[in-house]
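Hi there,

Here is the structure I promised to pass on.

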Amino acid sequence: MLTEERYKLIIQRLQERGVVKLQELADLLGASESTIRRDLIDLEGRQLLKRIHGGATMLNQKSQEPGMEEKTFKNVQQKNAVARMAAKEILDGECIYLDAGTTTMAMIPYIEAKDVTVVTNGLSHVEALVSKRIRSYLLGGMMKIHTKAVIGSIALQNLDNFRFDKCFLGTNGVDVEMGYTTPDPEEALIKRRAHQLSGKTYVLADSSKIGEVTFAKLFELKEAILITESVPERSRRSIAQKTKIIEG
């Protein structure tokens with residue numbers, strides 16, 4: 001197969017799936033992993049994709065969201081630090097909403113509170129929660145292929161059956177003027193409704209999200225407590241004027 005033919009198929013696969021693995025491409029194209037790796041390097045140089053650990057993803061756009069596989073390998077230490085701090089905010093006997101996403105997923109091993117009830121729209125989350133013997137409810141609705149998050153009108157209707165002491169939400173952007181944002185408007189609706197149904201809202205964001213803006217707005221900074229491992233100095237004062245920050 002000619003090089004340009006491989007390039008065309010790689011881009012086509014990326015457009016279909018959002019993220020692809022090196023081994024998957026090697027099997028698809030009948031080429032060695034070293035050949036595919038060189039292809040990805042060349043395509044990244046042409047600004048047609050972005051290489052990630054073990055594969056590639058489409059270049060980031062405001063309306064596109066990375067999949068769980070890509071997110072899992074990004075900023076792991078920072079996410080774990082954020083998750084550990086967030087889990088400490090859960091008290092015995094509370095009912096909480098746990099948003100889909102890798103940072104909220106990382107909270108689960110750190111939950112030590114007793115007799116907690118969790119509602120989530122994350123398929124991976126409910127599996128981990130049940131394994132830890134935490135009472136859990138999974139929202140029904142449409143499952144997003146890349147992120148395994150349940151969204152849509154059915155999920156919104158399910159959500160209205162609950163009230164929460166606290167909710168813990170992920171975000172793709174934290175900006176002083178634009179507030180909290182995420183690429184998918186449908187997922188934004190779920191996050192916003194969970195926020196409205198909660199006594200207190202926490203937004204989990206590692207420092208790479210600060211200063212970023214994506215397509216769909218959740219709500220203003222002042223409406224939630226921000227948990228992050230570090231706030232860049234250039235943003236610290238302006239963010240602190242808008243909201244409480246838990247940092248460490």
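**A buried glutamate**

E94 has a relative accessible area of 11%, so this residue is buried (buried means under 20% relative accessible area, exposed over 50%, partly exposed in between, with a 1.4 Å probe and protein chains only). Before going further, please keep in mind that this is a predicted model, where local features need pLDDT of at least 70, side-chain atom pairs count only at pLDDT 80 or more, and totals for chains, interfaces and linings use all residues. Residues are numbered from 1 along each chain as its sequence is written, and side-chain values use heavy atoms, with hydrogens and water left out.

E94 sits in the loop between α5 (76-87) and β4 (95-98); helices (H or I, at least four residues) and strands (E, at least two) are DSSP runs, numbered from the N terminus. Leaving aside residues up to four places away in sequence, E94 touches E89, D115, V116, T117, D165 and K166, where contact means heavy atoms within 4.5 Å.

The axes of helix α1 (residues 3-17) and helix α2 (residues 22-29) come within 11 Å and cross at roughly 130°. Axes here are lines fitted to C-alpha atoms, for helices over the stretch in contact, and angles run from 0 to 180 degrees between N-to-C directions. On the α1 side the contact uses R6, L9, I10, R13 and R17, and on the α2 side E24, L25, L28 and L29. By class, these residues are five nonpolar, no polar and four charged (Ala, Val, Leu, Ile, Met, Phe, Trp, Tyr, Cys and Pro count as nonpolar, Asp, Glu, Lys and Arg as charged, and the others, Gly among them, as polar).

The axes of α2 and α3 come within 9 Å and cross at roughly 110°, which makes α2 roughly perpendicular to α3. Here L22, Q23, L25, A26 and L29 of α2 meet E33, I36, R37 and L40 of α3. This contact has six nonpolar, one polar and two charged residues.

Within α2, the buried residues are L22, E24, L25, A26 and L29. They pack against α1, β1 (19-21), α3 (33-45) and β3 (55-57). After α2 comes G30, with a positive phi near 65°.

**Aromatic pairs**

Searching the whole structure gives five aromatic pairs. Rings of Phe, Tyr and Trp (its six-membered ring) pair if their centres lie within 6.5 Å; planes under 30 degrees apart count as stacked, over 60 as edge-to-face and the rest as tilted.

F168 and Y202 are stacked, at 5.0 Å centre to centre with 5° between the planes. F168 belongs to strand β9 (residues 164-170) and Y202 to strand β12 (residues 198-204), so the pair ties together parts that are 34 residues apart in sequence. F168 is buried at 0% relative accessibility, and Y202 is buried at 1%.

Y180 and F219 have ring centres 5.6 Å apart and planes at 70°, so this pair is edge-to-face. Y180 is in strand β11 (residues 179-182) and F219 in strand β13 (residues 216-219), 39 residues apart. Both Y180 and F219 are buried. Finally, Y97, Y137, F162 and F164 form one aromatic cluster.

Best wishes

Terms used:
Angles under 35 degrees count as roughly parallel, over 145 as roughly antiparallel, 65 to 115 as roughly perpendicular and the rest as oblique.
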